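Reader: I would like to go through this model and ask what stands behind each label.
Author: Go ahead.

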Amino acid sequence: MERASFTVEFPEHLPREKWQHCLTQLSDTGAAVEQENERVFRVVCSKPKQLAHVGWALFHTHFSNLCRVIATSGKAEDRASRYPKPPSP
């Protein structure tokens, strides 16, 4: 699979601990997290399963209240309907 990514931005008022927790959870799926600037990060998925889990987390969990997707690449899409709940591991 070509690498897919979501670029996410955290608002200035959000405490660092909250967005660090979000990024840790996303990296626990095996996705790579790359910092672009102080509050913008790129979450790179190299496997379809990672993409499904990261997409679900960004659009269907409390993470959608913590950050916003500002860009996508590869097979990643910026719409919630693209990411149904993935099966449990």
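**Labels and their grounds**

Reader: Why is E38 called exposed?
Author: The model is a predicted one. E38 has a relative accessibility of 56%, and exposed means over 50%, so E38 counts as exposed.

Reader: Where is the place of E38?
Author: E38 is in a loop, with strand 2 (32-37) on one side and strand 3 (40-45) on the other.

Reader: What separates the C-alpha atoms of E38 and E9?
Author: A distance of 9.2 Å, while along the chain E38 and E9 are 29 residues apart.

Reader: How many helices and strands does the protein have, and in which pattern?
Author: There are three helices and four strands. Along the sequence they run β-α-β-β-α-α-β.

Reader: How do you know that the radius of gyration agrees with a compact globule?
Author: For 89 residues, the value for a compact globule would be near 12 Å; the protein has 12 Å, and therefore the two agree. Along the principal axes, the C-alpha atoms fill a box of roughly 35 × 25 × 20 Å.

Reader: What share of the residues counts as buried?
Author: Buried means under 20% relative accessible area, and 34% of the 89 residues count as buried. The protein exposes about 5,300 Å², with 47% of that supplied by carbon and sulfur atoms.

Reader: Among contacts between residues at least 6 apart in sequence, what percentage joins residues at least 24 apart?
Author: That percentage is 67%.

Reader: How far apart are the mean positions of the positive and negative charges?
Author: The mean positions of the 12 positive and 10 negative charges lie 8 Å apart.

Key
Residues are numbered from 1 along each chain as its sequence is written. This is a predicted model: local features need pLDDT of at least 70, side-chain atom pairs count only at pLDDT 80 or more; totals for chains, interfaces and linings use all residues. Side-chain values use heavy atoms; hydrogens and water are left out. Helices (H or I, at least four residues) and strands (E, at least two) are DSSP runs, numbered from the N terminus. The radius of gyration is taken over C-alpha atoms; the globule rule is 2.2 Å times the number of residues to the power 0.38. Buried means under 20% relative accessible area, exposed over 50%, partly exposed in between (1.4 Å probe, protein chains only). Contact means heavy atoms within 4.5 Å. Accessible areas come from the Shrake-Rupley method with a 1.4 Å probe; for residues, only the protein chains shown count as cover. Lys and Arg count as positive and Asp and Glu as negative; His and the chain ends are not counted. The place of a charge is taken as NZ of Lys, CZ of Arg, CG of Asp or CD of Glu.
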